[in-house]
Amino acid sequence: MQHETDRLRFLEARDGPQQARAYARRTLRIYRAAVKRGKDGRRSAYGSVYRSALLMSCLDFRAYLSRSPGAG
């Protein structure tokens, strides 16, 4: 989704690359947790409804983290 790329560019400009990477790592963890199945085999209602969008965002965050300086 292009909006994640735009959001990360905005954060880089506003807060610097280190903070943008921190945001990407933090948000990636949150989104992955939302789509992950619980011990009962079910996803959260939020994760179920927005699963596709969340996964696309996760891919954007991973790509950003892998290509940005100080990746990881």
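Guide: The model is a predicted one. Setting aside neighbours within four places in sequence, leucine 28 is in contact with Cys58, Phe61, Arg62 and Leu65.

Visitor: In which helix is leucine 28 found?

Guide: The partners of leucine 28, leaving out neighbours within four places, include Phe61 and Leu65. Leucine 28 itself is also listed among the α2 residues that make the contact with α4. The helix that holds leucine 28 is α2.

Visitor: Is leucine 28 buried or exposed?

Guide: Residues under 20% relative accessible area count as buried. Leucine 28 has a relative accessible area of 12%, so the class is buried.

Visitor: How many Å apart in space are leucine 28 and serine 57, C-alpha to C-alpha?

Guide: Along the sequence, leucine 28 and serine 57 are 29 residues apart. Ser57 is one of the α4 residues in the contact with α2. From C-alpha to C-alpha, the separation is 7.9 Å.

Visitor: At what angle do helix α2 and helix α4 pack?

Guide: Helix α2 covers residues 17-35 and helix α4 covers residues 51-67. Their axes are 9 Å apart, and α2 passes α4 in a left-handed crossing. The packing angle is about 145°.

Visitor: How many nonpolar residues does the contact of α2 with α4 have?

Guide: On the α2 side the residues include Ala20, Tyr23, Ala24, Leu28 and Tyr31, and on the α4 side they include Leu54, Leu55, Cys58, Phe61 and Leu65. The contact also has two polar and five charged residues. The nonpolar count is 14.

Visitor: Which element gives the largest share of the largest nonpolar core?

Guide: The largest nonpolar core has 14 residues, and those with the most contacts inside it are Leu8, Ala24, Phe61 and Tyr64. Two or more residues of this core come from each of α1 (2-15), α2 and α4. The largest share, seven residues, is given by α2.

Visitor: What is the relative accessible area of glutamate 4?

Guide: The cut-off for buried is under 20%. Glutamate 4 is classed as buried because its relative accessible area is 1%.

Visitor: Is arginine 62 buried or partly exposed?

Guide: Arginine 62 lies in helix α4. Leaving aside neighbours within four places, arginine 62 is in contact with Leu28 and Arg32. Its relative accessible area is 44%, so arginine 62 is partly exposed.

Visitor: What percentage of the residues in the protein are buried?

Guide: The protein has four helices and zero strands, and its C-alpha atoms fill a box of roughly 40 × 20 × 15 Å along the principal axes. The accessible surface comes to about 5000 Å², with 54% of it belonging to carbon and sulfur atoms. Of the 72 residues, the buried share is 32%.

Methods. Residues numbered from 1 in each chain as written. Predicted model: local features only at pLDDT ≥ 70, side-chain atom pairs only at ≥ 80, totals over all residues. Heavy atoms only, no water. Axes fitted to C-alpha atoms, helices over the stretch in contact; angles between N-to-C directions. Left-handed = near helix turned anticlockwise from the far one by under 90°. Contact = heavy atoms within 4.5 Å. Nonpolar A, V, L, I, M, F, W, Y, C, P; charged D, E, K, R; others polar. Buried < 20%, exposed > 50% of the residue type's maximum accessible area, 1.4 Å probe, protein only. Areas by Shrake-Rupley, 256 points an atom, 1.4 Å probe, with all protein chains shown as cover. Core = buried A, V, L, I, M, F, W, Y, C linked by side-chain atoms within 4.5 Å.
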